[in-house]
Amino acid sequence: MGVTIISSFKKKIIFTIIMAMALFAIASPASAANYTVNNTNYMNVFNTTGINSNFNLNGTDYTFQDGDAFTFLSGIYTNVQIILDKTVNLISNGAFFTNETTDYYVINILDTAIYSNITGFNINGSLNVSADNVTLNNNSINASTREGIIINSNNVTLVNNRINNSKLSGINTAGNNTNIINNTFVYNLQNGVTSTGNNTTITGNTIYCYNNSSINSTGADAIINNNHIFRKFFVNNTTYTNIFNSTGIADTFSLDGTDYTFQDGDIFTFLEGIYENVKIILNKPVAIITNGSVNLTSNGASDIIHVLNTSNNTNVSGFYINGSLSVDGNNSIIDKNTIVNSSRDGILISASNVTLSNNNIKNSNSSGVKSTGNNVVIRNNHISSSNQNGVESSGSNASISSNYITDSTKNGINSSGDNSVIYNNTIMNNRKSGIHSEGSKANITSNYIYNSIEHGINSKGNNATISQDSSYYNGMNGIYVSGNNTKIDNSYTYYNGHSGVYSTGNSNSLTSVYSKFNGMNGIQMNGINNTITYSTAENNTLNGIYSTGANNQISSITVQYNGNNGIYSTGDSANINNINAANYNKQNGILSTGNNAYLFYIKNATNNKQNGILISGKNAQILWVENATNNIQNGIASLGNNSYLWYIVANNNQNGIYTSGFNTTLVSVYAQFNKNHGILTTGNNVRIFNSILKFNTLNGIYSTGQKAHIENIQSHYNKQNGIYSSGSLLEIFNSIISNNSLNGVYSTGYKPYFQNLTVYSNRLNGIIIYGSEGFVYNSTVYKNMNGVYTKGSKAIVYVSKIYSNSYYGVYSLGASSKIVKNKIYSNRGHGVYSAGSSSQIYYNTINSNYKNGIYSKSKYVLIADNTASYNKNNGIYSTGIKAKIGRNIVKKNKYYGIYSKGRGSIVVKNKASGNKKGNIRK
């Protein structure tokens, strides 16, 4: 092989480190930047062909420069394929990379990415290096379906990496000047290292191998020294007792007539057979594996295999164990064993950094796996019929992934340690919860949980991440969260007995959760400061979303076909926005009972059996409801005080909008084709602006509260009145009211005020006022039956244009009314009909009406300074007693200019001319 041994190993190490530092310095120019990415936004930088020359992070655009550094934050990165085509430094802060597709490298360093550096990553898959002068440091490469690391370039340095369980070699290098220093290789199926390049340095490595070819180097001038490589022996069901005695592993032993001295890391292969009354105690670092079916049995309750705390870096693989296995030795690997019928826990782990993979564990009397150690990996195991938990883990930094866990009497997984990763497990038919997690910062991702008696996932720890999980047919909740600051995203919760997701913690966030067909609520949140975004809750027995805490935010949601409400919020200061659909729910699309609710941009709240939106708390804001239609009751019902509603589109079986609170403001309401009123409001101090009310079966607006203010309204084609008000102190400004089947405006309250109205083509009256002290100012009223009809006392009609009405222009019945400075003409009855005592009619122009210009039955009336011309009866006709008629101009009327019949009336200083029957008659 051309292997050269250098006497001064320290000089070589120092030289290598200096060179690596120099190369890193070349790859990190002073102008290079440092960036932070996570498992979502890293794809803004790294695409399917390489590194983007320009990229955006957190809303800021950047230009890539050779030597830039990217720190990958903690998290699970799934389906990763990173291609590096430029010089770059990748640094991990707890990032876990995985790619289930075997055709791709997880990281592929192209030949243009010279001087790149990869540090600190945990990678499930393989890594390819085609660039010169690359450094790989402190990475963990796991379970590659080919070589763990493939090198086709020169001057590559690998330091302090761990390469486990590759299907081929741990490292395969064809490049020259490769430095492989202080790495650990654990049971890669071919060689730890395969090297065909020249000048390779392989020093200080630890290699656990399944065969005797741990290092295969064929290039020239290789340096191979100070590596720790472990031996392999074969035993059977008779000879194994020469090595494994009742206290541990023998220091010296004889096999096949040869004497050996045990060395840490020796490998013993157990040949096929049944091994009875076995108790194997491992007190030194060792590997015991099988060749064929090896069945271990014991008559006692003690462990069949016990890995003591002096047996670090031990491997136990391939056994069929009728009993239990305990692991107290750190860095041990328990792989491909079958553990059945244990009288206690199937596998008990108290050590740290243990890997438990590809085991079949069933019928344990306690838990299938019980682990108290830190940094334990439990992966690809099948665990069934445990009498307590399938997996019970209390150590920190546990990784529990790709296991199949069924039929546990308690939880499928019970994890209480901090920073646990529970990933890609299938968990079914457990008597309590599928996953029960109590530690902080748990990461529960891509699990499938089915048919648990209690919850699918029960998360009690703070700062947990629950992502891409599917939780179906569980007896209670799909996901139950009582910890704070939990993130739930991209998860599915269907057909659970209680709620899909039930959260009682604070500051939790739900994103892209799909919750359907659950026995209670789709999503229930009881804590404060929570958020739900981009989620769907449909066909749940109660509410789609039920939120009880204060300051909760619900946005970008679809809630449909739920048994009660789409969204039901009871907490104060709820923020509900960007709702795609709150439709077809059996009660309300959205129900909010807390104070200070804020609803913004509700796209659809339609076809609900009660209201599209119902708000009962005070100080609510409902802004921009694009479609609140076809609801059995109201489009929007607002019951609390001080509500503000803006831009609402409503067409419903009852009212478009119903409000009962005080101080409500409605702006830009479009209420059409409602089967009751466009707007029904009963509270005091209601303000309605800039709205359109059309084709409603009853009134455009129906207001019963005091001090209503209505401005810039269009109310047309309603089957009753354009506006109906029974409250006092009503104000209507700058509005157009037409073509309603009854009246344009109908007011019965005290002291209404109308200004700048255009009221026309209503079947009965343009404006009818029953209350006292009504005021009509600067309005245009035409083509109604009567223009303005006032019945209450002290009504004032002032500076208005009233014409072409079918009966009277002004029909005034109340006492002390005033009709002043109006233009009243072309009405088919009288211009003015006045019957109230002490009324005043002055400074009006009253022309061309089909009967009298003014017909007054009022006693004590004052009719002065009017012009009454071209009317088809009399200009002024007065029958009331003690009328005062003076300074009027009456001309060219078909009957008399002035005809006064009332007793004691005074007719003075009038100008009358050209009237056909006479100018003045008394």
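Guide: A salt bridge here is a side-chain nitrogen of Lys or Arg within 4 Å of a carboxyl oxygen of Asp or Glu. The model is predicted, and the structure holds 6 salt bridges.

Visitor: What makes D251 and K284 a salt bridge?
Guide: Their side chains meet at 2.2 Å, N to O. The cut-off is 4 Å, so the pair qualifies. D251 lies in the loop between strand 25 (232-235) and strand 26 (252-255), and K284 in the loop between strand 29 (280-282) and strand 30 (286-297), so the pair ties together parts that are 33 residues apart in sequence.

Visitor: Is D251 called buried or exposed, and why?
Guide: The relative accessible area of D251 is 53%. Exposed means over 50%, so D251 is exposed.

Visitor: And is K284 buried or exposed?
Guide: K284 has 13% relative accessibility. Buried means under 20%, so K284 counts as buried.

Visitor: What makes K751 and E773 a salt bridge?
Guide: The N to O distance between the two side chains is 4.0 Å. The definition asks for a nitrogen within 4 Å of the carboxyl oxygen, so K751 and E773 are counted. This pair links distant parts of the chain, 22 residues apart: K751 is in the loop between strand 81 (745-747) and strand 82 (753-755), and E773 is in the loop between strand 84 and strand 85 (775-777).

Visitor: Why is K751 called partly exposed?
Guide: Its relative accessibility is 39%.

Visitor: What makes K86 and D85 a salt bridge?
Guide: Their side chains meet at 3.5 Å, N to O, and the limit is 4 Å.

Visitor: What makes the approach of N762 to N739 a polar contact?
Guide: The side chain of N762 reaches the backbone nitrogen of N739 at 3.3 Å. The cut-off for such a pair is 3.5 Å. Beyond four places in sequence, the contacts of N762 include I737, L742, K783 and M785.

Visitor: Why is V327 called buried?
Guide: Its relative accessibility is 0%, and buried means under 20%, so V327 counts as buried. V327 belongs to strand 34 (residues 325-327). Leaving aside neighbours within four places in sequence, V327 touches residues including V307, I334, L348 and V354.

Visitor: Which residues have the most contacts inside the largest nonpolar core?
Guide: They are F268, F270 and I305, in a core of 128 residues. The largest share of this core, 4 residues, comes from strand 30. Another core, of 47 residues, lies apart from it, with V88 and L158 among them. In soluble globular proteins, nonpolar side chains tend to be buried together.

Visitor: What makes F517 part of a nonpolar patch on the surface?
Guide: F517 counts as partly exposed at 37% relative accessibility, and patch residues need over 30%. With Y473 and Y495, F517 forms a patch of about 290 Å² of accessible area together. F517 is in the loop between strand 58 (509-516) and strand 59 (523-525).

Notes: Residues numbered from 1 in each chain as written. Predicted model: local features only at pLDDT ≥ 70, side-chain atom pairs only at ≥ 80, totals over all residues. Heavy atoms only, no water. Polar contact = N/O pair within 3.5 Å; in protein donor to acceptor, adjacent residues only side chain to side chain. Contact = heavy atoms within 4.5 Å. Patch = residues over 30% accessible without salt bridge, like charges linked within 9 Å, V, L, I, M, F, W, Y side chains within 5 Å. Areas by Shrake-Rupley, 256 points an atom, 1.4 Å probe, with all protein chains shown as cover. Helix = DSSP H or I, 4+ residues; strand = E, 2+ residues; numbered from the N terminus. Buried < 20%, exposed > 50% of the residue type's maximum accessible area, 1.4 Å probe, protein only. Core = buried A, V, L, I, M, F, W, Y, C linked by side-chain atoms within 4.5 Å.
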